[in-house]
Amino acid sequence: MPGERIEQRLRLRAEQPPAETTLVVRGGRDTPGKLRAHVQRTARAWSLDGQPLLGISVFAVLGEPLDDLLRRRFATFRTIYLPTAGRLAEHGFELLPTAQRPHFTVRLRRADDQELAHLLEALGAAQPNPAYPGSAA
Amino acid sequence: MYQVDITADLNDEDETGFVWTFLDEARDPGQITPGVLVVAGDEEAAAVCQVVDLVPAGDGTIVHLRLLPGLVDEYRALVERALAS
């Protein structure tokens, strides 16, 4: 039986936004089409202030070294994105402290072709994940 | 390239700490029941997961997935060893 979207406003963690230099990790190799599907999935499940929440998941490097986070959570990804929180902010993307620390949702406003392309640019180049088994890194 | 049992963004987590996706993104939703092992993700990034529970949310049913350690290829090698005569 379908239910209501899960409202995130009161679930947001009460914490300061990550510093501009904080690294943010997203696993995989995204395309505009993949990002659109992920944004739509989030919007099906979650709302913010009563409106569908457009967003994708990332993890900030907070409280543990990057290598530990990659080994703990991203070992199944051959490639990762590793922008800083500042780079995402410069591109106009807000980080919402959703779920359990250090998970965040990168919030989009329209999720149209232009914004999805902008998000892909903000994520930067996908790079080999040193925590992927067999990685040369 | 992987053929997954259920499409998911393996980056996604909710307040439970589990990966989540929607039941209607499964190739065979009838196979998605608590406790079973599935391959989740997409054609490029997939992982073996255990289904934790199914919860109504939004316009469908959310599936929570426990991400298991190791690569899909490692599980395949494990099974091949176990079944080798």
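1. Basis. The model is predicted, so local features are described only at pLDDT of at least 70 and side-chain atom pairs only at pLDDT 80 or more, while totals for chains, interfaces and linings use all residues. Residues are numbered from 1 along each chain as its sequence is written, and chains are lettered from A, with ligands numbered from 1, in the order in which they are written.

2. The contact between the chains. Chain A brings 22 residues to the contact and chain B brings 20 residues; two residues are in contact if their C-beta atoms, placed from the backbone, lie within 7 Å. On the chain A side, at least two residues each come from strand S2 (24–27), helix H1 (32–45) and strand S5 (55–60). H1(A) gives the most to this side, namely four residues. Helices (H or I, at least four residues) and strands (E, at least two) are DSSP runs, numbered from the N terminus. The side of chain A that touches chain B has eight nonpolar, eight polar and six charged residues. In this classification Ala, Val, Leu, Ile, Met, Phe, Trp, Tyr, Cys and Pro are nonpolar, Asp, Glu, Lys and Arg are charged, and the others, Gly among them, are polar.

3. How H1(A) sits on chain B. H1(A) lies across S2, S4 and strand S5 (60–67) of chain B, and runs at about 85° to S2(B). Axes here are lines fitted to C-alpha atoms, for helices over the stretch in contact, and angles run from 0 to 180 degrees between N-to-C directions.

4. The sheet of chain B. Chain B has one helix and five strands, in the pattern β-β-β-β-β-α along the sequence. Five strands form an open, mixed sheet in the order S1-S3-S4-S5-S2; two strands pair if DSSP finds at least two bridges between them. Strand S1 (6–7) and strand S2 (19–22) of chain B are the edge strands, each pairing on one side only. Strands of a sheet pair through backbone hydrogen bonds, either parallel or antiparallel. S3 (residues 37–41) and S4 (residues 46–57) of chain B run antiparallel and are joined by five bridges. Within S4(B), Val48(B) stands opposite Val39(B).

5. Overall dimensions of chain B. The radius of gyration of chain B is 13 Å, close to the 12 Å that the globule rule gives for 85 residues, so chain B is as compact as a globular protein of that length. The radius is taken over C-alpha atoms, and the globule rule is 2.2 Å times the number of residues to the power 0.38. Along the principal axes, the C-alpha atoms of chain B fill a box of roughly 45 × 25 × 20 Å. Of its 85 residues, 38% count as buried. A residue is buried if 20 or more other C-beta atoms lie within 10 Å of its own, exposed if 12 or fewer, and partly exposed in between, with C-beta atoms placed from the backbone. Among contacts in chain B with a separation of 6 or more, 48% join residues 24 or more positions apart.

6. Asp5(B). Asp5(B) is in the segment before S1 of chain B. Asp5(B) counts as buried because it has 23 C-beta neighbours inside 10 Å. Leaving aside residues up to four places away in sequence, Asp5(B) touches Ala26(B), Arg27(B), Gln31(B), Val38(B), Val39(B) and Ala40(B). Val39(B) is 34 residues from Asp5(B) along the chain, yet their C-alpha atoms are separated by 5.3 Å.

7. Strand S5 of chain A. Six of the six residues of S5(A) are buried, so S5(A) is largely enclosed by the rest of the structure. Gly55(A), Ser57(A) and Phe59(A) are buried on one side, and Ile56(A), Val58(A) and Ala60(A) on the other. S5(A) runs antiparallel to S2(A), with two bridges, and Val24(A) has Ala60(A) as its bridge partner. S5(A) also runs antiparallel to strand S8 (residues 103–107) of chain A, with five bridges, and Val58(A) is partnered there by Phe104(A).

8. Backbone points to check in chain A. The peptide bond between Arg101(A) and Pro102(A) is cis, with omega about 10°; Pro102(A) is in the loop between strand S7 (94–96) and S8. Ala99(A), in the loop between S7 and S8, has a positive phi near 60° and is buried, with 24 other C-beta atoms within 10 Å. Ala111(A) also has a positive phi, about 55°, although it is not a glycine. Ala111(A) is in the loop between S8 and helix H4 (113–123) and is buried, with 20 other C-beta atoms within 10 Å.
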